[in-house]
Amino acid sequence: MTKQPIPVKKNDELQVTIEDLTHEGAGVAKVNGYTLFVPRALPGEVVDIKVVKTNKGYGFARLLEIQEASEHRAEPPCPIYNQCGGCQIQHLSYEAQLVSKQKQVKDVLERIGGIKDITVHPTLGMNDPWRYRNKAQVPIGEEGGLVIAGFYQERSHRIINMDECLIQHEDNDQIIRVVKNIANKYGIRAYDEEKHRGTLRHVVARKGKVTNEVMVVFVTRGKELPNKVNLIEEIRENIPHVKSIVQNINPKRTNVIFGDETNVLWGEEYIHDYIGDIKFAISARSFYQVNPEQTKVLYDQALEYASLTGQETVIDAYCGIGTISLFLAERAKHVYGVEIVPDAIADAKRNAKLNGITNVDFAVGEAEKIMPWWYAQGIRADVIVVDPPRKGCDEELLETILSMKPKRVVYVSCNPATLARDLKFLEAGGYKTKEVQPVDMFPHSNHIENVAVLELMN
Ligand code: SAH
């Protein structure tokens, strides 16, 4: 095979037409068959670019000027959109984001899963796709002697100071602003990750959108938190409906946000919130879906696909704090949930009790180990729901599904690529994918959530 020379080199300036959008939100241009990724450019646009890097199979370029803009281009309302690494597609209108996500799912199912002949529904989006997040985890830093708070610049550890984040609940924004002010007023120093010095590492703000309850978490390097009393007083003054103020201590040199020790400084250990009519207790470190409105949409779809009559035994693999399990339990005979993180299972059990739900059993462990064990004990599920992390399902788990032969498999996925791979595996084992419903859990970001339903053939 003759090797094609790379048709462009670093610093070349040229005009291209953008043909596609990657799952990371970058525009795709082809130059004599060579792929260039152009962040912030949109399909259909004619743009001037400057090549910044060339690899063997593809390269990257910077957008210099838009000559012909896409009709779907939107003016990003966030003032720090171009610096902050939080959102990727604010420059695309929300309607077009939804269409693009649906198309990406279709493409990936076909390319990776070889699945062509199924319905991928239009993405279910939000009526108001702003201010949807109920949790902010914001790194604290210093700039010019002042404490700042904001997200990291993409691919860097530089904090971009922010006054507000348009996808955050307003209360969370306010908490971050108040904490910044207090830290500056009382001389509380930000943690310096290079020198491993200073006090305040992160502020985490959580909001129960239905209950209106608020939690503030200070993540500090050591036990000491100077002016604790004033801190609590000022938070309560500024955010009168605060329910819980806690300190988490993380003494390690690490990117991981939380340490092992959490102490309540004032108020309750938990706040509460509802998804549908199910109540959840949320502690500083509990996992809880960040977009509860869309979580309800996603899980309602999962429930519809499960089509339960009340007689079924259901397994919820990768169950987290049991959100789906508890949803399912209201309509099933019995639900078994399995999850690898012990704290999540403790939350799941607490939440079951909180809601008076008794027809669920939760197990701690790897789903791919617990499922075969359940199988060996004679447990047979009529419906299996899986909601794995980005890497998808373990093959051992998929094998167990094939042995157990549930009538239906409902697959909730946060990564279309591994969804496609796993659907292909299940299809080879006798299942047929019926339909796929993308749900937009994270407007303005490139994340795509899906729920798919498979049925056992013959
Ligand atoms: N359905 C859950 C969230 C699922 S996120 C909810 O709504 O709360 C994926 C979950 O899989 C995470 O909680 C993660 O801890 C868990 N997990 C990751 N690997 C696992 C494994 N091998 N076995 C079981 N659970 C696992």
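1. A polar contact here is a pair of N or O atoms within 3.5 Å; within protein, one must be able to donate a hydrogen and the other to accept it, and residues adjacent in sequence count only if both atoms are side-chain atoms. Keep that in mind for the ligand: one of its nitrogen atoms sits 3.2 Å from a polar backbone atom of isoleucine 340.

2. Ground rules. This is a predicted model, where local features need pLDDT of at least 70 and side-chain atom pairs count only at pLDDT 80 or more, while totals for chains, interfaces and linings use all residues. Numbering runs from 1 along each chain as its sequence is written, and side-chain values use heavy atoms, with hydrogens and water left out.

3. More on the ligand. A polar backbone atom of alanine 367 is 2.8 Å from a ligand nitrogen atom, and a polar side-chain atom of glutamine 289 lies 3.3 Å from a ligand oxygen atom. On its own the ligand has 580 Å² of accessible area (Shrake-Rupley method, 1.4 Å probe), and the protein covers 85% of that.

4. Now the domains, whose bounds come from an automatic or database domain assignment. Domain 1 is 13–68, domain 2 is 100–127 + 291–456, and domain 3 is 135–277. The C-alpha centres of domain 1 and domain 2 are 36 Å apart.

5. What holds a salt bridge across the interface of domain 1 and domain 2? The rule (a side-chain nitrogen of Lys or Arg within 4 Å of a carboxyl oxygen of Asp or Glu) finds one there. Aspartate 20 and lysine 103 pair their side chains in a salt bridge at 3.4 Å, N to O.
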